[in-house]
Every structure is written in structure tokens, then in C-alpha cells.
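Colleague: I am new to this structure and would like to learn how to read it. Could you take me through a few features, one at a time?

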Amino acid sequence: MAEDAEDIVARVLRQWQQVHPGLDTAPMAVIGRLNRCAALLQQATDAPLVREGLTRAEFDILGTLRRTGRELTPGQIARETFASGAAVTKRLRVLEERGLVSRRADDRDRRVAHLSLTGTGQELIDRIVPDQLGYEQALLAGLGKDRQDELAGTLAELLVLLEGRLGGLQP
């Protein structure tokens, strides 16, 4: 990206300085850009996922089951994917209907479900993860590897800080 290129947040910050000279807009410079990047990434079509008829949220569930390598309850999946229990239940129903996830009732408490990938689900996630990572790399291609590593490290620091400060504040 060119050094003199201006993003939309820079314009917003400049406008706030005109309205309130001396106002410290440094937090807006960070959080505004994070929010804008998140919105743009959410708008970007995940082509490998779309080709397979998956949403990002369904992909996250399949990926969670694959990377943990064990059965999980819907509540555990919700915690792993930062989704509500109701949203996970809805997504699991779709994945079960497609034959990608199977459900097993708990031996002691029939109300508890244990979920795992089917063979078809495992084959799908193993096939699609490399394509999805390639797609995501293409989105970041304008940043070199060193800059991506630096950004990932900085975002990791921010995430740990926010999880410590905000983790207990969620409803």
C-alpha cells in the first residue's frame, strides 16, 4: 500500500479534529480500523466455502471438531467458536442433515449430545482447509510475511489484553 494512501478512518479522525481540536482520537485510530477491517473481511465471499455450500460459521464448527480431534458437546462448540448455543444448535442441525456431523447421546444423561465428524465431514474439512488458507493468504498478499507476522503478534497482544479485561463482562 502506498505511504500516502489514506483510509476512511484517517478521514474520520481528521474530521473529529476539526470539530474537537485536541481530542485524543488514538483509540478510534486502532478500534475504528479493526472494526472496518472486520466488516470488510465479513463482506468478502469465502470462495472455497461457498463452493462447498458452507457458511463461515459451519466451517468453524467442522474445523473445531477436526482440530480438537474428539467429540464435543454443543456447549463446548459454542465456547470454541464464540457463538451462542442457539446458533450452534441451528448450524449443527444443517451439518447433520448434510451427513457431515453425527450425534451420540450421553450414556448417563440422554439430554447431553456428543458430536463428531463423520467420515464425509472429515474428508470435506481436510480438503477445504488448504483452499481456505490459500484464499485468506490472497486477501493478505499486499502485506509481506514479516508485516503479517508483526500484525499477528500485535493482534495477539491486544486479544490477550481484551480477553483479560472484557472476558468477565460478557452477558
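Modeller: Gladly! Keep in mind that this is a predicted model. Let's begin with His 114, which is buried, with a relative accessible area of 15%. Buried means under 20%, so the value for His 114 falls in that class.

Colleague: Where is His 114 found, and with which side chain does its own side chain make a polar contact?

Modeller: His 114 is found in strand S2, residues 113-117. Its side chain makes a polar contact with that of Asp 106, at 2.6 Å. Leaving aside neighbours within four places in sequence, His 114 also touches other residues, including Glu 71, Leu 72, Thr 73 and Ser 102.

Colleague: Thanks! Now the helices: at what angle do H4 and H5 pack?

Modeller: Helix H4 (residues 56-68) and helix H5 (residues 74-81) pack at about 105°, and their axes are 10 Å apart. Angles of 65 to 115 degrees count as roughly perpendicular, which is why H4 is described that way relative to H5. On the H4 side, the contact is made by Asp 60, Ile 61, Thr 64, Leu 65 and Arg 67; on the H5 side, by Ile 77, Glu 80 and Thr 81. By type, these residues divide into three nonpolar, two polar and three charged.

Colleague: And how many residues does the largest nonpolar core have?

Modeller: That core has 19 residues, and Leu 54, Leu 62, Ile 77 and Val 101 have the most contacts inside it. Its largest share, four residues, comes from H4.

Colleague: Which residues is Ile 77 in contact with, leaving aside its neighbours within four places in sequence?

Modeller: They are Ile 61, Leu 65, Leu 72, Val 88, Leu 92 and Leu 115.

Technical notes. Residues numbered from 1 in each chain as written. Predicted model: local features only at pLDDT ≥ 70, side-chain atom pairs only at ≥ 80, totals over all residues. Heavy atoms only, no water. Helix = DSSP H or I, 4+ residues; strand = E, 2+ residues; numbered from the N terminus. Buried < 20%, exposed > 50% of the residue type's maximum accessible area, 1.4 Å probe, protein only. Polar contact = N/O pair within 3.5 Å; in protein donor to acceptor, adjacent residues only side chain to side chain. Contact = heavy atoms within 4.5 Å. Axes fitted to C-alpha atoms, helices over the stretch in contact; angles between N-to-C directions. Parallel < 35°, antiparallel > 145°, perpendicular 65-115°, else oblique. Nonpolar A, V, L, I, M, F, W, Y, C, P; charged D, E, K, R; others polar. Core = buried A, V, L, I, M, F, W, Y, C linked by side-chain atoms within 4.5 Å.
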